[in-house]
Amino acid sequence: MTRLGMQHAGAIVVSAAAWVSTAAYAVNDLPGGPAVNQLNLHPAVTKVADEQIWLHWFVMAICLVIFLVVFGIMFYSILKHRKSVGHKAANFHESTAVEIAWTIVPFLIVIGMALPATKLVIAMKDTTSSDLTIKVTGIQWKWGYDYLKGEGEGIGFVSTLDSSHRALSDAGGPKAGAPIDDYLLKVDNPLVVPVNKKIRIITTANDVIHSFAVPAFGIHQDAIPGFVRDTWFRAEQVGDFYGQCAKICGKEHSYMPIHVKVLSAEDYTAWVAAKNKEAAAKADDPAKVWTLVDLKARGEKVYAANCVACHQATGKGAGPIKPLDGSAIVLNADHSVETLVLLNGAAAGAMPSWKALSDTDIAAVITYSKNNWSNQTGQIVQPAQVLAARK
């Protein structure tokens, strides 16, 4: 073995030993999420998901029977009619009966599989008579949720990977002996829905193709920029259920989890009331004039919640993400330049639109960027200026 080969072999052994010793083997099954060494489909909590599992095993059983019959006959014929025991090859022409049989039998098998599959697909696409309609927007790399119809109408927020999990990932993952069952699945704002209600999900995206998938619900719908597509589910039990973006949507695809919290009708009503109260408390007067200190303090929180994943805490950006520290756009005395970038996005969607943020939050984060790191401009952007730029 060459020296290079020995080095590669040694690296593989070390990597394997490290992998075996990681905390991955210490984690527990995550209710509503993945299980340790999971081989089967995820336990269903909707009728559609239950039907998908049944259809999966039904088709698998048919395939198994076909496999056993075909290969059984083939191996029996090879063994029973082999040349070594005196058999000679037969010489015969086509058989009409056999040809009819091998045409009709596969046709009946395909029809037998197609009928339940078609019935299920039609049920999966029937989004009529929904109790609640939620628009789900894929954003690199987070999800935006807007409640469009039903109880909670008007509520909207962005769901991002929990910052503590992101920090753990940047540090190499959880330490051995300190397992985290929901590692890289915990978010700051889960999607909340009521139990036993038909939830219509409308998907779209700001930048690239994403995919909204929650295995326990049996839903997997692409979110495509410029298009609106929909799916639905009706969760039959309360709890926390997890999924992830199912499209490779960029370098942080693995940091785009989905957390759906299913509540009882009473708890959901209480959650809606709390969110509405929270929104009312955040509804700042856009005419209010803020000080630089107050805007920076608020902007720091907005930046940490929405911007730090791409632009980094240092403001230096990473890879194709442009830095904010020293940026000509940020330093520009014409505040409308940066304001319009936040409102409309830029770089063909690489920088998403942040219109969902309040005027005060946008003014605060712009002021923060203009007065942080080396950008000590002393410039202030007031909410009224952002409100004017929206028009």
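This is a predicted model: local features need pLDDT of at least 70, side-chain atom pairs count only at pLDDT 80 or more; totals for chains, interfaces and linings use all residues.
View 1. Ser163 and Asp170 are exposed residues on the face of helix 4 that is turned away from its buried side. Helix 4 spans residues 163-170, and its buried residues are His165, Arg166 and Ser169. These three lie on the same side of helix 4, because they cover an arc of only 100° around the axis. In general, an α-helix has 3.6 residues a turn, so residues three or four places apart point the same way.

**View 2. Surroundings of helix 4.** The partner against which the buried residues of helix 4 pack is helix 7 (308-311). After helix 4 comes Gly172, a residue with a positive phi, near 105°.

**View 3. Thr204 in strand 5.** Strand 5 covers residues 199-205 and includes Thr204, which counts as buried because its relative accessibility is 14%, where buried means under 20%. Leaving aside residues up to four places away in sequence, Thr204 touches Lys135, Val136, Thr137 and Gly138, as well as Ala223, Ile224, Gly226 and Phe227. A polar atom of the Thr204 side chain lies 3.5 Å from the backbone oxygen of Ile224. Between the C-alpha atoms of Thr204 and Cys310, which are 106 residues apart along the chain, the separation is 21 Å.

**View 4. A nonpolar surface patch that includes Met74.** The patch is formed by Leu64, Val65, Ile66, Phe67, Leu68, Val69, Val70, Phe71, Ile73, Met74, Phe75 and Ile78, which together have about 1,100 Å² of accessible area. Met74 belongs to helix 2 (residues 47-80), and Met74 counts as partly exposed because its relative accessibility is 37%.

Notes. Residues are numbered from 1 along each chain as its sequence is written. Side-chain values use heavy atoms; hydrogens and water are left out. Patches are made of residues with over 30% relative accessible area and no salt bridge: like charges are joined within 9 Å, nonpolar side chains (Val, Leu, Ile, Met, Phe, Trp, Tyr) within 5 Å. Accessible areas come from the Shrake-Rupley method with a 1.4 Å probe; for residues, only the protein chains shown count as cover. A salt bridge is a side-chain nitrogen of Lys or Arg within 4 Å of a carboxyl oxygen of Asp or Glu. Helices (H or I, at least four residues) and strands (E, at least two) are DSSP runs, numbered from the N terminus. Buried means under 20% relative accessible area, exposed over 50%, partly exposed in between (1.4 Å probe, protein chains only). The arc is that of the directions from the helix axis to the C-beta atoms. Contact means heavy atoms within 4.5 Å. A polar contact is a pair of N or O atoms within 3.5 Å; within protein, one must be able to donate a hydrogen and the other to accept it, and residues adjacent in sequence count only if both atoms are side-chain atoms.
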